[in-house]
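Let's take a walk through a protein model and see what sits around its ligands. Have the structure open while you read.

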Amino acid sequence: MSTVVLLLVTGVGLGAIYFLVSSGLSLIYGLMGVLNFAHGVFLTFGAFMGWEVAARMGATSWPGFVLSLLVGALAGAVFAALTERFLVQRLYERHIEQVLITVGLALAVVALFDGIWGTDPRFISGPAWMARTTTIAGANVPNDRFVAIAVAAVVLVALVLFLQRTRYGMIIRAGVENRSMVTALGIDVRTAFTLIFTIGGAVAGMGGVLASHYFGYVSPVLGQTLLIFAFIVTVIGGLGSLTGAAIASVLVAVLQQFANYYWGYGDFAVVVLLAVVVLTRPSGLLGKKVAA
Amino acid sequence: APSDSGSSGSGDEPEGGATTEEAAADESGGDPVQVGIIYSETGPLAAYGKQYKEGLEAGLDYATDGTGEVDGRPVELVYRDDAGNPDTAVAAAKDLIGQDFKILGGTVVSGIALAMAEQAAQNEVLYISGPAAADAVTGINEFTFRSGRQSLQDVATAGAMLEDEGGKVVVLAQDNAFGQGNLAAVEAVLGGEGAEVDSVLVPEDATEFTGFARQVIDADPDLIFVAWAGATAGNMWQSLDQQDVFDAAPVVTGLADSATFSAYGPIGERISFLSHYFPEAADNEVNQALVDHVNEAGGTPDLFTPDGFVAGQMIVQAVAEGGDDVNAMIDALEGWEFEGPKGTTSIRESDHALIQPMFTATLVQDGDGWVPELGETVPADQVAPPEASGR
Amino acid sequence: MTDHASGLDAGAAGSAAPALEVRDLSLRIGGAQILQDVSFAVPAGQIVGVIGPNGAGKTTLFNLVSGVMAPTTGRILLDGVDITGRSVTQRATAGLGRTFQTSSLFPRLPVEENVRLAAQVKEGRALSLAAFPRRGDTASRRALELLEEVGLGHRLGRMAGDLPHGDKRKLEIAMLLATDPSVVLLDEPMAGVASGDVDGLTEVIRSLHRDHGRTVLMVEHHMEVLLGLVERVAVLHFGNLLTIDTPEAVMADPTVQSAYLGETV
Amino acid sequence: MTGPTPSTRHRPALTRLLLPLGLVVLLACLPLLDISVPGVLPGATYTPGTLHLLALAWVMAAVALSYHLLFGVAGLLSFGHALYFGLGAYGLGIVMRELELGLVPAALVTLLVAAVMSAVLGAVSLRVTGIPFAMVTLAFAQAGYVWVRRDPERVTGGEEGLRLPTEHVPDALVGVADTRNLYWLALAVLVLAYLLTAWVQNSRAGHVAEAVRENELRVRVLGMRPFMVKFAIFVSASVIASMVGMVHLLLNSGAVPTVLSAEFTISLLLMVVLGGVGSRWGAVAGAILYVLLNQRLTVLSQAGWVDDLPVVLRIPLSEPLFILGTLFVLVVLFLPGGLAGTVARIAAPRRERARRDDAPPQPRPDDRTEDAGADDPERLGVR
Amino acid sequence: MTSRTFSSSAAEASSPADGSTAPAPVLVVRDLAAHVAGQQVVEHVDLEVAATGVTALLGRNGVGKTSTIKAVMGLIGRSGTIELDGEDISTLPTFKVASRGVAYVPEDREVFSGLTVAENLRLAERRGGPHRYDLVYELFPELRERGNQAAGTLSGGQQQMVSLARALLNENRVLLIDEPTKGLAPRLVTDVAHALARAAEVAPVLLVEQNLHVVRDLAHHVVVLTDGRSVHHGDAAAFLDDPVATQRLLGVHGGPAAGAA
Ligand SMILES: Nc1ncnc2c1ncn2[C@@H]1O[C@H](COP(=O)(O)OP(=O)(O)OP(=O)(O)O)[C@@H](O)[C@H]1O
Ligand SMILES: Nc1ncnc2c1ncn2[C@@H]1O[C@H](COP(=O)(O)OP(=O)(O)OP(=O)(O)O)[C@@H](O)[C@H]1O
Ligand SMILES: [Mg+2]
Ligand SMILES: [Mg+2]
């Protein structure tokens, strides 16, 4: 029993990390049609900058930890904004080229990180409370899982509100479909697109810092490892659906947890789930038909 | 240009009877001996590659008394990057063999070592594998040697720590070649000594270890042997700690390189480490030479430095005794016993296993960081791997 | 080419059956009743116009007949054969051809290739891995002919997507002709065609029917063109078939006048 | 962007036939010649190292051609093409070892397996299009990758890879001294792959595939079955990839799981894009460029003078992938159409595009793979 | 079909212009050239949109009418002078051109098919200024009923209504309208022409139209293009009544009876 609880709660914790990666991805992919291979790079960059802060300030104190989170988010946001402005934006409405350019960027930047920070993992530890455990139904659940879950929940709510309360969601959906017509209505669609990328990058950067605490280290491939799961989550959840991404994140992570524990083939199970979902519901669990 | 007399003029005594070969070497006109080193300059194991390379240069320097020459022939190391990829390594090997290289060395990656061994056999050149731990390299063919230790030796060291007979050993390992190799080694060594062996194999891509930590406890072990490589180690140890695995039984694992010492944090004090090498472990002249050489060259001796160092010694031995003849080199190495940085070391004739002492250690806090402290030195014959039957 | 029946199942000997017939065709999407119990028949070789206000369901009717959408209830018969359950492809091979209200082309293939692809369907083995299109083969020659006919002879190498709007409409017609269908559905062929070219295109459509004996069903808001061409007119209104009759009778119908034509004579 | 169009049209027969033929003959003679191209090739052309590198380039060019068939011709963005390449490489090794077959019978068995497997998986994945198709193919390939790496059946050698069972391979294909034989084999497979690709692409089915890529519904309305075409292309491309994979096994005397990884497929994508999407010889050129660059940049990164540079230059220059990635980004940004497109543009300057930042050409009505809507009658029909 | 329905409004709109000193034109285009994908599609166009009323831009298929309008909007690369109320807008990005009060109704409707009808309209609301939903819904009552329907599922004509409504919703300084009656039922053609006449009372219109009845009834001035060049400027009625000119430039026989049903 306690094992099941443990697997479940830690699964949700892992799901929270997945969500932080996939929400930005889903936002960018679902709204803008850009399958962003560079998303992992935003995350890694955020994680490294967070690590740099931690290395100077010490993330074992709560203020240091929070500061490293903020710096990570900022780093991810800036990186994403620059990527959008100087690379993606030049290729509007050419989705395949956009994908290609993010593939190239990911390749280059991961190599650059290798050069700057080296291939060795950089270890990190957070406030002592996070390394301790809380006992739930006999299971010792590590506390950092709760932090991840809380941050993910806040991000989910904030993003949903942003899309509901502002015109941006609408502008972007329209802009993806027909960018020039949106500009012809007097809307500066470029700014809107950059904004979405920036938000996605900020969330990824924050996710990077949290993931580095979750894994205990930062390395140049941190983001790329998570990215493949984030892709899967995004497709399972349905393009552009944040709630879908949230549900799929938890589903994938929990499935992976249980399959790894009882069967040893967690990643296999996730792939099977993906194949089943795509074949039975090609647009994902909550996906609407997003305009091409 | 023919070799200048400067080398022979250096007053120091050349190693092991090389003088007798002087004439033969002079005939070959002092041509440089080219040695191809294929190792991870880049790629996931680049850090290990760097240690290996520093050790190799130090070892060569030491074995040639700083001349870099054997019998007046300069030993020229030609480096190639394998980037952790066997295909790249094979391409490099083919290139070098095509240029008539007779000696290849290097690699920290087991898969590459196996592919290189294959190339060595196909093309009849000498191959001295680097830190790659796979037991399969031992005895794979007559052309392949190794300059590092193998998993069986790690495990045998852990066996030395298992106080008494029987008991239940649980192996917590990644479900990959390294982990499976360790499990097999534990079954062979400790199982052979009468211990009951159980295992928890964790998928290599797993990122969440709390569940597996519970599995270890549920197995009710008397000794827990952890075989883990890679960046997830810190997370795994934390999970073990959080699930109180350390209260369940003594935990043994291999001590990796210095970059990982801080990954354990305070947990490090509760683990019994078996160690291949750390600079303070060995107290002998050769090790002192290794540390001095490497420090001088601006490097830092670490886990795999001696593997490179020994490779350097082996190359010099092979060239000194075998000249350009690969079979003669093999003869020169088989059964060779010498003083290595870890102490007296020998190459077993039957399967080319490198018989060497091993260490046990603990981590202790030193200011902000953690440093290893030597437990005991386990003599070479006690941790010698069972003879590989060859292919 | 004149032997249009060769495109059909040889077994369909019942020449008495209308070329196209729909029976009680209905479509609901969500809560909306898009089409309601539409029934009519078009005798072989006749040319029939379909009119009706915007949103009446004309394009939807074409989508149902061509198989792009499936009806909620009702049946569709081509030469007396029930094709309701057949796929788009099967209907096309049975001799049903159509154009789209918004031009549907292969935008990044040259104009000539657009038509040639359509023409090779007619030759059979269109998907063969062992047959190779050649300059000057039957399909290519046919494509050139047709492009001349619709007035695109000067645009052969241009990417279809780069054509001006009116030329896209003409290309649609050429592609349709290339498949040599026996029953043709035209959705607003004149929309966007320059006034100077309307007459020429009207002639092309007329010859479709007159010279090749094809059955034609066309939606067109350009009344002058429509009335000059068709033998009968069907009127759709809010998904219902109001009437199907001669042009004169339809134009005289006061409902049609108020619902469709507006306050003109 | 506007990929070169099917080239059935005019080109003097002389250049069409003689030029490639001459090129192939020249390449076939390389192992017998002593040509050095400093900076491009590691050594003279007869040396095994250079021959191996060139053979690898031919092999990659051949598999890039099969990917071109999928992506460039049929517009099928697959992230799982590596599966079939790996199937060839691993399949041949396993069949030879486990069934104790000679090289040729084992190769035939492997091709058969590849054909059956690609037919089954193709039939499933082609149920969806666009990004979902990319993801399903990725999922299948990922499953294959995981299986090979984890090796539950103990046949693939797991992470350490599969070694070529040399006892079943003719001696002429084993050992460094025989590298030139492998070189000729690789060149032969490239020529074969090129001919097969050209055949498929120039056939009616190939032309229809391009049409399907552009507008699937329209193809159906014309009376053709897009599925059959896509299926045929998928299976052809997969079988070609398997064939090439087998040569890769021989060339490297082994196979490692990376040949099944998503990264491998992505590198194919990079090659095809570098060369120019839609162009056959572009795919070949892109692959060769990629292989040579990869190799040369590694050498560059180790060059002594790089170490002496200031940090801002040293770090990027010592990371081959950084340079490769950057180059790729630049090609996508500034050379739409890749090598082939650039050459075509230089040849025909009037096609020069003067693009303004805020004024791209009219929106393309649809994107190559974003044809999700094409299957959606509600959207398409009523427009 | 006769023209009396809306000819009156056209006359009203024109009366001030015909009077004393003609006010300066709203939009002045001089020596416009435009290119798409590196190809020159408009070579030399001069045109003026008078301060009131409708100016028609005519020509056969492919002469560059759409391209001219797109060039004014900045949707394709262009060179030459484009002045809006004396301000040069030829270097402004599209969204700035639009927010200066230039409304655009594209040839292919270009509704956002993934958005609902209501969202399409909301997106078109230009910042500041009132939004004339009353006018739009009065003209096209259907749009109110279908507010929650995805615009992609609308019929062709309904989409045309959305496209027009997006332009009429705001207060504009000039409207650029490309074939607004294409695909509309005859009755709706009348309605739309009526609406345009009303819109032109407030802001002048540059109209591309193939339906010469509509042109005749709405337009005062015509500009005719052939092969990317403007070749004729002048009074609308005079041009349409000149059979030689219409035959030469448009390929139709002019005159009041042209194509009458
Ligand atoms: N998913 C849907 N939900 C609600 N209504 C729909 C849906 N799809 C189509 N409709 C409606 O069905 C009706 C029929 O559309 P159709 O395209 O057949 O009209 P049409 O007669 O061709 O008009 P037009 O002349 O304007 O092209 C329209 O009113 C349209 O809004
Ligand atoms: N994307 C493009 N690439 C190349 N040429 C183009 C492109 N778009 C338009 N053209 C060319 O520009 C010229 C003018 O086209 P435009 O659409 O402006 O004509 P138009 O007068 O509006 O015609 P229509 O009455 O058919 O709408 C045409 O010759 C057309 O082929
Ligand atoms: Mg319609
Ligand atoms: Mg136009």
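## Sorting the residues first

Ala, Val, Leu, Ile, Met, Phe, Trp, Tyr, Cys and Pro count as nonpolar, Asp, Glu, Lys and Arg as charged, and the others, Gly among them, as polar. With that sorted, the shell around ligand 2 splits into four nonpolar, 10 polar and seven charged residues. Keep in mind that this is a predicted model.

## Around ligand 2

Which residues come nearest to ligand 2? Out of the 21 residues around this ligand, the nearest are C:Arg158, E:Gly62, E:Thr66, E:Ser67 and E:Glu107. The site is shared between chains, because residues from chains C, D and E surround ligand 2. At least two shell residues each are supplied by α5 (165-178) of chain C and by β2 (39-49) and α2 (65-73) of chain E. The largest share belongs to α2(E), with three residues.

In the side chain of E:Glu107, an N or O atom is 2.5 Å from an oxygen atom of ligand 2. On its own, ligand 2 exposes 630 Å², and the protein buries 95% of that.

## Around ligand 1

Let's move to ligand 1, which has 22 residues around it. The nearest ones are C:Lys58, C:Thr59, C:Thr60, E:Ser155 and E:Gly157. Residues of chains C, D and E surround ligand 1, so this site is shared between chains. Sorted by class, its shell holds six nonpolar, 13 polar and three charged residues.

What does ligand 1 touch through its oxygen atoms? An N or O atom in the side chain of C:Thr60 is 2.4 Å from a ligand oxygen. Polar backbone atoms take part as well: one of C:Gly55 is 2.7 Å from an oxygen of ligand 1, and one of C:Lys58 is 2.7 Å from an oxygen of ligand 1. Taken alone, ligand 1 exposes 640 Å², of which the protein buries 93%. The elements giving two or more residues to the shell are β2 (32-42) and α1 (58-66) of chain C, plus α7 (156-168) of chain E.

## The magnesium ion

Which protein atoms are donors to the magnesium ion, ligand 3? They are OG1 of C:Thr59 and OE1 of C:Gln101, lying 1.9 to 2.2 Å from the ion. C:Thr59 sits in helix α1 of chain C and C:Gln101 in the loop between β6 (96-98) and α3 (111-122) of that chain, so the pair ties together parts 42 residues apart in sequence.

C:Thr59 has 10% relative accessibility, so it counts as buried. C:Gln101 is buried as well, with a relative accessible area of 10%.

## Aromatic rings

Over all chains, the structure holds 36 aromatic pairs. Take B:Tyr62 and B:Phe309: their ring centres are 5.4 Å apart and their planes are at 40°, so the pair is tilted. B:Tyr62 belongs to helix α3 (residues 46-63) and B:Phe309 to helix α12 (residues 305-322) of chain B, so the pair ties together parts 247 residues apart in sequence. B:Tyr62 is partly exposed at 24% relative accessibility, whereas B:Phe309 is buried at 0%.

Chain A has a cluster to find: A:Phe42, A:Phe45, A:Phe48, A:Phe79, A:Phe113, A:Trp117 and A:Phe197 form one aromatic cluster.

Conventions
Residues numbered from 1 in each chain as written. Chains lettered and ligands numbered in written order. Predicted model: local features only at pLDDT ≥ 70, side-chain atom pairs only at ≥ 80, totals over all residues. Heavy atoms only, no water. Near = heavy atom within 4 Å. Polar contact = N/O pair within 3.5 Å; in protein donor to acceptor, adjacent residues only side chain to side chain. Areas by Shrake-Rupley, 256 points an atom, 1.4 Å probe, with all protein chains shown as cover. Helix = DSSP H or I, 4+ residues; strand = E, 2+ residues; numbered from the N terminus. Donors = N, O, S within 2.8 Å, 3.2 Å for Na, K, Ca; no water. Buried < 20%, exposed > 50% of the residue type's maximum accessible area, 1.4 Å probe, protein only. Phe/Tyr/Trp six-rings, centres within 6.5 Å; stacked < 30°, edge-to-face > 60°.
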